[in-house]
Amino acid sequence: MPSRTTRVLLALAVSGMVVGVAGCTGTAQTDDRPTLTKAAAGSVTVAAQDDAAGRSIRASRALFASAPGAVVAPADDADAVADAVSAARRAHVPLLLAAKRDGGAASDGGAASDGGAASADRPVGAELDRLGASWYQAEGDVQVRTDVPERDAPGGGDAPEPSRASRPATVVVADASADTAVIATAKAAGARVVTMPDGVSDPAAAPDVVTALHEHRGAPTLLTGAAFADLPDPTWTIRAAESGWQLPHGGQRPFDGHRYVAMYGAPGAPSLGVLGEQDPDASVARAKQLAASYDGVSDEPVTPAFEVIATVAAGDAGADGDYSTELPVSTLEPYVDAAHDAGMPVIIDLQPGRADFLSQAKRYESLLKRPGVWLALDPEWRLGPDQVPLQQIGRVDASEVNAVSSWLAGLVERHGLPPKALVLHQFRLSMIQDRASLASYPELDVLIHVDGQGSQPDKQATWKALHDGAPAGVHWGWKNFFDEDQPMLSPAQTMSEVAPTPSLVTYQ
C-alpha cells in the first residue's frame, strides 16, 4: 500500500467565509515564485504553542508573505511528516501540520458534519488563503477544508526559490525537540537554522545560538518550540546575543554551566584582600593560577575572576559623612581592562556605610555598562544612621535590594547587554531583611555569597542555615580566607565538602 493516502473535503462558499485562493485576503498569484515576509530588521517572533500544528502555521506566517502552494501532513504521523519535509523543501513552500480530529483523520479544525462550511478557526485552510495558494499537496491522511485544489507540488527543478530582495535571511532558533515541520519551512524560505542544546531553553546559555545570532545580527529572528513559552523577554535576549560577547566557556548566562574562582580585594590595599597585593597584570596571572588549582576537581569549567571593592567601609565619616570611601572609576579601570583583555569577569563590590546601595551603584554605571562587569552588594557594611563600621553588623531591606536589581536589569535591557550576575553577600539571616520578597529579573542571575570566616564546622552551619527558605532559583557562592579560616579548605575539599557545590568561590 502506498505510504501516502489522501482524503479531501471541498468546502462550499457559505456566508462569504470560504477559505482558499479567492477568500477575503488571498489573491491568485501571477507566477509561482513565493515571497518572504517583510519582517522588520531585528524583529523577534516566538512560535511556542504547545502543539506542533500551531507552531507550523505560526512559522509559515513569520516566514512567507505568499506562496503558490503548501504541503500538508498530519501532525501525529511521523512518516507522512518526513515525506512532507522533503516535498516542502523541494518546492520552496511552507509545511503545514493538521491537528488530529477526535475519532478520525487529521483535520485543520473543521467538523465534517457542518455541511462543508469553512471558517477562520480552521488554521490550515486559513493559512492557505493568506498565502494566496493555488494548490496544496497532502501527505498522509488529512482533511483540508478549502476550495484550493489538491495536487502534487512541482519538482525541485521547476520550483523557484522565494523572492528575497535585499533582506537578510531570518534566523530560526529551534528548541531541542527538533520541530521538523518548522525547520522544513525555514529551510524552504532560505532561513538560517540553529538548534538549541538538549535541556537548554535560554538562547543566552547556548554558545552556538549566540554565535549564529551575532553572525546574522540585525536579521529577523524566529524562536520556535514549546521550550520558549516561558522566555520572559525574547527581544532583549536576541539583542544581547547579537553582540556576540560570550563567557570564556561559551554562552552569556553567568551561572549556567560555569564556575568562577575570584580574587577579592581593593586596589592598593593588601589588608582588604589578595587582589590589592599586586598590580592588575600580576593579579590576572595570580587569578589564573588560583583557578587552575581547581582543574580536575570541578565538574564544571572554572573561570578566573576579580571581585573588586569599589566603595570601602571606613572608620571615619569622611567629607560626605557616609563612612564609605568611594574609589574613583579611574582607579578601578586598570583592573577592569586587564580582566577584560584576559576574558575574565569582574564583580564590583559595594560597602556603602550609611549611604544606600542604589546611589553608590550609579556611580559605576560606566563600568557596569560593559559586558562581563557584574555587581555585588555587601549588607554587612550597610549601616543605619547611628552605626559605625566594625561596631555593628549591617543589614538591608529586600526593598532596597530590589531597587538596585530593577535599576541594573533596566540598564542591561536598555543597552542590549548580556545577562549580569547580582551577588548578595550574607553570613547572617538578619543581613537581608524579608529575603523571600527579593525580586527576580530575566536580565540578572542572583547569587547569595556566604562569606563567613572561622572554623569549618561554624562555616558549614552558616551555609546550611542560609539555604533554608532561600528564594527559588538563586545560585550560591563560598569564600575561603587565607588567614582567618581554621583551616582553609583546599580546592578539592571546597568542591567535595560544600554542598551544593558553589558557583562562585572567592579568596580573601
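The dialogue below takes up the chain, then a strand, then a pair of helices.

Guide: This is a predicted model, in which local features need pLDDT of at least 70, side-chain atom pairs count only at pLDDT 80 or more, and totals for chains, interfaces and linings use all residues. Residues are numbered from 1 along each chain as its sequence is written, and side-chain values use heavy atoms, with hydrogens and water left out.

Visitor: How many helices and strands are in the protein chain?

Guide: Helices (H or I, at least four residues) and strands (E, at least two) are DSSP runs, numbered from the N terminus. The protein chain has 13 helices and 22 strands.

Visitor: Are the residues of strand 4 buried or exposed?

Guide: Buried means under 20% relative accessible area, exposed over 50%, and partly exposed in between (1.4 Å probe, protein chains only). In strand 4 (residues 69-74), 6 of the 6 residues are buried, so the strand is largely enclosed by the rest of the structure. Gly69, Val71 and Ala73 point one way, while Ala70, Val72 and Pro74 point the other way.

Visitor: At what angle do helix 2 and helix 4 pack?

Guide: Axes are lines fitted to C-alpha atoms, for helices over the stretch in contact (heavy atoms within 4.5 Å), and angles run from 0 to 180 degrees between N-to-C directions. Helix 2 (residues 78-91) packs against helix 4 (residues 180-188) at about 10 degrees, with the axes 8 Å apart.
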